[in-house]
Amino acid sequence: MDVNAAVAALAAIAGVCTGVIAMLAFRWSERDQARPTRTSLHTDAVLPPGVDTVLSVLRSSAVVLDESDSVVKASSAAYALGLVRGGKLAVEPMLNMARDTRRDGEIRQVELDLPRRGTGRGEALAVSARVAPLGSRLVLLLVEDLTEARRIEAVRRDFVANVSHELKTPVGALSLLSEAVMDASDDPEAVTRFAGRMQIEATRLTNLVQELIDLSRVQNDDPLEDSEPVRVDELVAEAIDRSRHTASTKQITMASGGTADLHVWGSRGQLAAALGNLVENAVNYSPARTRVGIAARRVAAPGGDLIEIAVTDQGIGISEKDRERIFERFYRVDPARSRATGGTGLGLAIVKHVAASHGGEVTVWSTEGQGSTFTLRLPEAGAARRNRGSGAEAGPDPDLDPDFDPDFDTEFGAEFGAAPGTAASASPTPPIS
């Protein structure tokens with residue numbers, strides 16, 4: 001009887017202990033769940049209501065720091081710029097700004113040049129950083145990438161400087177020549193000579209202003225607004241007629257050929273100006289008694305057929321170092337020769353912008369002392385593709401120019417030792433407004 005009582009008492013004590021342990025475990029579990037973990041400190045739950053939504057729509061890179069300088073929230077752009085690494089803000093000046101703002105509550109802003117992540121060229125990343133308090137414990141950092149804006153500003157600054165220089169030259173010459181005319185009023189021959197020089201400078205000034213207007217127009221106008229199917233034969237004939245007088249004076253033969261009845265889609269005025277500039281350059285930079293050829297053909301491409309218009313000359317050629325820069329505004333391979341021919345250095349820049357705005361490109365192949373081939377590639381007009389017959393392509397049009405030579409393009413390609421338009425290219429870029 002005593003043994004049974006002892007066993008019952010032990011069982012009761014064991015039950016009570018088990019219940020106490022279970023209750024303590026349950027309470028401990030609740031406390032552990034309620035305690036903030038390291039992970040929960042860095043989630044969106046600690047952000048004030050609505051902040052996460054606002055940060056997700058900002059264009060700037062956003063980083064939120066807590067009182068221990070740990071990153072609570074960071075946008076994908078902040079990671080892409082290399083601002084955040086390993087859960088920490090990786091830019092020391094920005095981190096110091098955040099600490100100062102947390103201490104005194106003042107909003108701070110600064111512009112910094114940061115090393116570009118992942119490049120070994122030492123290129124700087126220009127950013128504007130703004131730090132502001134967010135509640136009582138958090139700090140908000142907004143970073144704006146200014147690299148592209150600074151590049152565009154530099155281009156504009158250089159453009160204004162170049163325009164000022166180019167305008168100053170003929171204006172200064174006209175001023176000096178007018179004084180010379182006044183001083184030589186008693187010498188009719190001198191007056192005639194100075195007046196002729198004034199006409200040359202006035203023509204150069206007029207051409208420069210007109211090309212500046214043309215460049216501004218092709219940069220700002222959308223060619224698709226007034227686009228239409230344009231016959232390539234007509235563009236070639238117009239370009240040849242534009243330079244016929246200069247070519248005749250230098251005894252330069254101009255020949256055209258290739259595939260007839262091709263069409264491109266775009267602004268007729270811009271396309272005519274672009275091709276006219278290429279032909280005019282070919283004539284101006286070619287020696288006397290040489291040949292300039294214009295050939296058009298259709299080439300297959302993954303996104304649709306392209307129309308290639310190649311302008312080939314036997315001129316002075318372009319060196320390899322100059323080929324990469326000839327499409328820049330006001331860049332001249334031979335400044336002295338450009339002044340002699342009245343060149344402004346804007347013709348090829350206009351060609352590049354016209355090609356890019358029409359969804360095409362312009363490329364150049366050249367060898368010093370042998371000549372150059374500029375190739376304008378443009379998408380073929382859709383209507384022309386639909387109306388094209390299934391038979392063989394039409395042959396060249398001998399009525400386009402009396403000096404037509406069907407073997408001219410092939411002959412020049414063999415002589416230069418390379419396919420025209422394959423050595424260098426001007427890739428299409430967003431007009432700069």
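1. Accessible areas here come from the Shrake-Rupley method with a 1.4 Å probe. On that basis, the accessible surface of the protein chain amounts to about 24100 Å², and carbon and sulfur atoms hold 54% of this area. The model under discussion is a predicted one.

2. Overall composition. The protein chain contains 15 helices and 15 strands. Of its 433 residues, 38% count as buried. Among the contacts in the protein chain with a separation of 6 or more, 66% are accounted for by residues 24 or more positions apart.

3. The five-stranded sheet. An open sheet is built from 5 strands in the order E2-E1-E7-E6-E5, with antiparallel pairing. From one strand to the next, the twist averages 25°.

4. Helix H5 (residues 92–104) lies across E1, E5, strand E6 (124–134) and strand E7 (138–145), and its direction is at about 165° to E5. Helix H6 (residues 147–183) lies across E5, E6 and E7, running at about 130° to E6.

5. Strand E11 and its partners. Strand E11 (residues 291–299) is mostly covered, with 7 of its 9 residues buried. It is joined to strand E9 (residues 253–258) by 6 bridges, and these two strands run parallel; glycine 258 stands opposite alanine 296 in E11. E11 is also joined to strand E12 (residues 306–313), here by 8 bridges and in the antiparallel sense. In this second pairing, valine 299 stands opposite leucine 306 in E12. E11 and E12 form a hairpin with 6 residues between them, and in the turn glycine 304 has a positive phi of about 130°.

6. Aromatic pairing. How many aromatic pairs does the count come to? The count comes to 1 aromatic pair. It consists of phenylalanine 327 and phenylalanine 374 in an edge-to-face arrangement, at 6.3 Å centre to centre and with 75° between the planes. Phenylalanine 327 lies in the loop between helix H11 (320–323) and helix H12 (335–341), whereas phenylalanine 374 belongs to strand E14 (residues 371–379); the pair therefore ties together parts that are 47 residues apart in sequence. Since buried means under 20% relative accessible area, phenylalanine 327 qualifies at 6%. Phenylalanine 374 is likewise buried, at 8%.

7. A charge over a ring. Where does the charged end of arginine 193 sit? The charged end of arginine 193 sits over the ring of phenylalanine 194, at 5.1 Å from the ring centre.

8. Helix H13. This helix (residues 347–357) is mostly covered, 9 of its 11 residues being buried. The buried residues of H13 include Lys352 and His353, together with Gly347, Leu348, Ala349, Ile350, Val351, Val354 and Ala355. Glycine 359 follows H13 and has a positive phi, near 80°.

Technical notes
Residues are numbered from 1 along each chain as its sequence is written. This is a predicted model: local features need pLDDT of at least 70, side-chain atom pairs count only at pLDDT 80 or more; totals for chains, interfaces and linings use all residues. Side-chain values use heavy atoms; hydrogens and water are left out. Two strands pair if DSSP finds at least two bridges between them. Helices (H or I, at least four residues) and strands (E, at least two) are DSSP runs, numbered from the N terminus. Axes are lines fitted to C-alpha atoms, for helices over the stretch in contact, and angles run from 0 to 180 degrees between N-to-C directions. Contact means heavy atoms within 4.5 Å. Rings of Phe, Tyr and Trp (its six-membered ring) pair if their centres lie within 6.5 Å; planes under 30 degrees apart count as stacked, over 60 as edge-to-face and the rest as tilted. Buried means under 20% relative accessible area, exposed over 50%, partly exposed in between (1.4 Å probe, protein chains only). A charge sits over a ring if NZ of Lys or CZ of Arg is within 6 Å of the ring centre and within 35 degrees of the ring normal.
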